Structures are given as structure tokens and as C-alpha cells.
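The sequence and the model come first.

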Amino acid sequence: MKLGFIGTGNMAGAIMGGIIKKGLIAPEEIIGADIMPQSRERVKETYGIAVTADNKEAAEKSEVLILSVKPQFYAQTIAEIRDCIREEQLIITIAPGKTLAWLEEQFRKPVKIIRTMPNTPALAGEGMTAVCPNACVTEEEKAYALEILGSFGKVEVVPEHLIDAVVAVSGSSPAYVFLFIEAMADAAVAEGMPRQQAYQFAAQAVYGSAKMVLETGKHPGELKDMVCSPAGTTIEAVRVLEEKGFRSAVIEAMKACAEVSRNL
């Protein structure tokens with residue numbers, strides 16, 4: 001098998017889907033391990049991959065192994081599979097708080113590790129993933145990992161000291177955006193708009209605004225100013241947001257998020 005997963009939850013499924021859709025790796029070359037039968041069967045039925053309840057089997061059969069279990073299970077999972085990990089094998093992790101040094105210590109031998117932080121928009125093919133390889137990973141192996149991780153969105157290499165910032169600005173931030181969309185939709189409903197229509201308008205506004213930032217290259221402040229006519233409706237809404245501490249609330253929330261990530 002070219003690719004193995006330990007853990008077959010939503011993020012693993014997003015990665016599988018992106019890889020298969022792009023034709024990078026065929027379904028028959030992917031194996032997923034999970035102790036939960038319903039999770040195994042879901043990815044088997046959805047993506048046509050091989051599945052197993054045995055983590056060691058996935059580790060032994062794969063060239064690239066993605067550890068997609070929750071951070072609290074990393075130590076026991078690595079302890080279970082470390083004797084199966086081969087010198088040439090590439091390990092990709094997606095757990096916040098688990099540093100390269102910590103991961104290397106858990107394996108107790110030199111291992112090729114790429115620490116990553118993706119986010120849930122990967123499920124829609126619009127993920128943002130940060131990548132940080134250890135010293136054992138070659139440039140060719142890093143390029144291959146970037147190709148895999150780029151199959152479900154954008155990917156960038158970052159120094160490891162920025163990973164906690166990545167967790168705050170990208171890994172966890174979809175929750176903030178969903179909260180913002182929900183709040184905007186609630187306000188539209190209060191103004192008489194049907195709820196499903198309100199979600200459509202709010203979500204499309206966020207999606208389109210994000211595309212403008214990415215595609216125009218303009219500063220977000222400049223784009224904001226383009227919408228704010230003198231004595232108009234938008235500048236009044238911006239004034240209230242500033243009065244209520246919108247910007248500060250976002251910054252403080254992200255600082256709290258990064259702090260928790262550092263201490264996981």
C-alpha cells in the first residue's frame with residue numbers, strides 16, 4: 001500500500017477524498033485502520049479503500065502513514081506501532097501540541113516525520129495546511145507530502161515555532177467563521193429573512209470576501225474601505241463592531257486558542 005491511515009474520522013476522510021479525486025493514489029493503494037467499525041465501514045463504502053481494525057497492519061503495509069487519531073491517543077498509538085515503522089517510511093501527523101521533538105522521543109529511533117496542521121474546510125476541497133518536516137525528511141519526500149496535502153486545498157511549509165499560531169488562525173478558525181455566519185444569519189432572520197436564505201446570503205458573503213482577499217492581493221483594510229461609503233450603512237455597522245470590541249474579541253480568542261495548543 002502506498003498510503004495508510006490510523007484513524008478514519010472526518011479529517012482522514014477529507015484527505016482520502018482529495019487524494020483519490022486528484023488521482024494521486026488509487027483507492028486500492030490506501031488502507032485505513034480504526035477501532036470503530038462504523039468509521040471503517042464509512043470510508044470503505046465512500047472511498048473504496050481497504051480497512052482494518054489493526055493499527056499495526058496499516059503501519060506495516062504503508063509507505064506513507066498518516067496518524068489521524070486525537071492528540072490524547074498519540075502516545076499509546078505510537079507505542080503500539082513503533083516497532084513496525086521502517087527507516088524509509090514517511091510519517092505524517094496532524095495533532096496540535098505534539099512537537100517534532102516529542103514525536104521523535106515517542107518513536108525512540110530516527111523516523112521521517114512531517115508535522116502538519118490542516119483544517120476542516122479540507123472536506124470541501126478548500127483546506128489550509130501547514131507543514132513542518134523533521135531533519136530526516138529529504139527534499140523529495142517533502143515535495144511528495146506537499147503534493148498529497150495539496151490535494152484538498154492550499155499547503156505551506158512553516159517553521160515549527162509558528163504551528164500554534166497556525167492552529168489559531170487556520171486550524172480552529174473555521175469555528176469562528178461559522179459562528180460569524182450564524183450570527184449574521186440570525187440578524188437577517190430578525191429582519192424578516194427566511195433562515196435558509198439567510199444562511200445562503202451570509203455564507204456566500206464570507207466566501208466571496210475571502211476570495212477577494214486571496215485573488216486581488218489587496219490589504220483587507222483597503223477592501224473594507226472600498227465598501228464603506230461616507231455616512232453610509234456599512235461604516236455605521238463597522239463603527240458598532242468596533243464599539244463592541246469585535247476586533248479585540250477575535251484577537252483574544254486566537255491568543256487563548258494558541259495558548260491551549262502550546263500546552264496540549
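## Sheet and helix packing

Strands β6 (residues 112-117) and β7 (residues 127-133) run antiparallel and are joined by 4 bridges. Within this pair, I114 is placed opposite P133 of β7. The model is predicted: local features need pLDDT of at least 70, side-chain atom pairs count only at pLDDT 80 or more, and totals for chains, interfaces and linings use all residues. Residues are numbered from 1 along each chain as its sequence is written, and side-chain values use heavy atoms, with hydrogens and water left out.

Helices (H or I, at least four residues) and strands (E, at least two) are DSSP runs, numbered from the N terminus. Two strands pair if DSSP finds at least two bridges between them. The open sheet has 8 strands in the order β3-β2-β1-β4-β5-β6-β7-β8, with mixed pairing. Its edges are β3 (50-52) and β8 (153-157); each has a single partner strand, so one side of each is left without a neighbour in the sheet. On average, neighbouring strands of this sheet are turned by 20 degrees against each other, direction ignored. Helix α7 (residues 163-171) packs on the sheet and touches β6 and β7, its direction making about 40 degrees with that of β6. Contact here means heavy atoms within 4.5 Å. Axes are lines fitted to C-alpha atoms, for helices over the stretch in contact, and angles run from 0 to 180 degrees between N-to-C directions.

| Helix pair | Angle | Axis distance |
|---|---|---|
| α4 (residues 74-81) and α5 (residues 100-107) | about 40 degrees | 9 Å apart |
| α7 and α8 (residues 173-190) | roughly 25 degrees | within 5 Å |

Angles under 35 degrees count as roughly parallel, over 145 as roughly antiparallel, 65 to 115 as roughly perpendicular and the rest as oblique. Helices α4 and α5 are therefore oblique to each other. On the α4 side the contact is made by Y74, A75 and I78, and on the α5 side by W102, L103, Q106 and F107. By class, this contact of α4 with α5 holds 6 nonpolar, 1 polar and no charged residues. Ala, Val, Leu, Ile, Met, Phe, Trp, Tyr, Cys and Pro count as nonpolar, Asp, Glu, Lys and Arg as charged, and the others, Gly among them, as polar.

Helices α7 and α8 are, by their angle, roughly parallel to each other. Residues V167, A168, V169, S170 and G171 of α7 meet S173, P174 and Y176 of α8. The contact of α7 with α8 divides into 5 nonpolar, 3 polar and no charged residues.

Buried means under 20% relative accessible area, exposed over 50%, partly exposed in between (1.4 Å probe, protein chains only). L103, in helix α5, is buried at a relative accessible area of 0%. Leaving out residues up to four places away in sequence, L103 touches Y74, I78, T93, K98 and I113. I94 sits in the loop between β5 (90-93) and α5 and is buried, with a relative accessible area of 13%. Beyond four places in sequence, the contacts of I94 include M11, L67, Y74 and T116. S170 belongs to helix α7 and counts as buried at 8% relative accessibility. Apart from neighbours within four places in sequence, S170 is in contact with N119 and M128.
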